[in-house]
Amino acid sequence: MSKHTPLPWNYRAGYVSTYVNGDYIVLAELHSKLGTDNFGSDEPLMLGPKERSANGHLMAAAPEMYELLEYIRDTATIETATDVLEQVNTLLAKIEGGGE
């Protein structure tokens with residue numbers, strides 16, 4: 001069993017966040033500037049808004065991915081393959097499109 005912050009995690013406006021016992025909690029703040037390229041240049045590496053958003057949605061979906069992997073490990077059989085595939089597709093759509 002995981003010890004991560006309870007679900008749901010959300011991504012909005014540069015923050016991965018949730019509510020715990022009614023309190024708003026920021027789990028991660030995504031920045032556009034990543035540092036330098038480590039190849040001798042001091043130029044900063046920058047993320048565009050689409051890449052930052054995609055990263056945020058992926059991070060916000062991490063607990064659900066973990067739960068789905070546990071479910072697959074513990075219960076998946078040939079008989080449940082359709083249900084598992086449906087859950088995987090729903091989660092991928094959330095990650096790829098940012099849908100809730």
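Contact here means heavy atoms within 4.5 Å; axes are lines fitted to C-alpha atoms, for helices over the stretch in contact, with angles from 0 to 180 degrees between N-to-C directions. Helices (H or I, at least four residues) and strands (E, at least two) are DSSP runs, numbered from the N terminus.

The model is predicted: local features need pLDDT of at least 70 and side-chain atom pairs count only at pLDDT 80 or more, while totals for chains, interfaces and linings use all residues. Residues are numbered from 1 along each chain as its sequence is written, and side-chain values use heavy atoms, with hydrogens and water left out.

## Exercise 1

Solution. 
- Step 1. Two strands pair if DSSP finds at least two bridges between them.
- Step 2. Three bridges join β1 to β2 (residues 15-20), and these strands run antiparallel. N10 has S17 in β2 as its bridge partner.
- Step 3. Between β2 and β3 there are six bridges, again in an antiparallel arrangement. Here S17 stands opposite V26 in β3.
- Step 4. The hairpin of β2 and β3 has two residues between the strands, and in it N21 takes a positive phi near 50 degrees.

## Exercise 2

Task: decide whether T18 is buried or exposed, and list its contacts.

Solution. 
- Step 1. T18 is placed in strand β2.
- Step 2. The classes are buried (under 20% relative accessible area), exposed (over 50%) and partly exposed in between, with a 1.4 Å probe and protein chains only. At a relative accessible area of 1%, T18 is buried.
- Step 3. Neighbours within four places in sequence aside, T18 is in contact with T5, P6, L7, P8, W9, D23, Y24, I25 and L27.
- Step 4. The T18 side chain reaches the backbone oxygen of P8 at 2.5 Å.

## Exercise 3

Task: name the residues of the largest nonpolar core.

Solution. 
- Step 1. A nonpolar core is a set of buried Ala, Val, Leu, Ile, Met, Phe, Trp, Tyr and Cys residues joined through side-chain atoms within 4.5 Å.
- Step 2. The largest has six residues: W9, Y11, V16, A28, L30 and A60.
- Step 3. Outside four places in sequence, W9 has contacts that include V16, L27, M59, A60 and P63.

## Exercise 4

Task: find the salt bridges and state how exposed their residues are.

Solution. 
- Step 1. A salt bridge is a side-chain nitrogen of Lys or Arg within 4 Å of a carboxyl oxygen of Asp or Glu. The structure holds two.
- Step 2. One joins the side chains of E64 and K94 at 2.5 Å, N to O. This pair links distant parts of the chain, with E64 in helix α1 and K94 in helix α2 (residues 81-97), 30 residues apart.
- Step 3. E64 is partly exposed at a relative accessible area of 25%, whereas K94 is buried at 18%.
- Step 4. The side chains of D74 and R73 form a salt bridge at 2.8 Å, N to O. Both D74 and R73 are exposed.

Methods. Polar contact = N/O pair within 3.5 Å; in protein donor to acceptor, adjacent residues only side chain to side chain.
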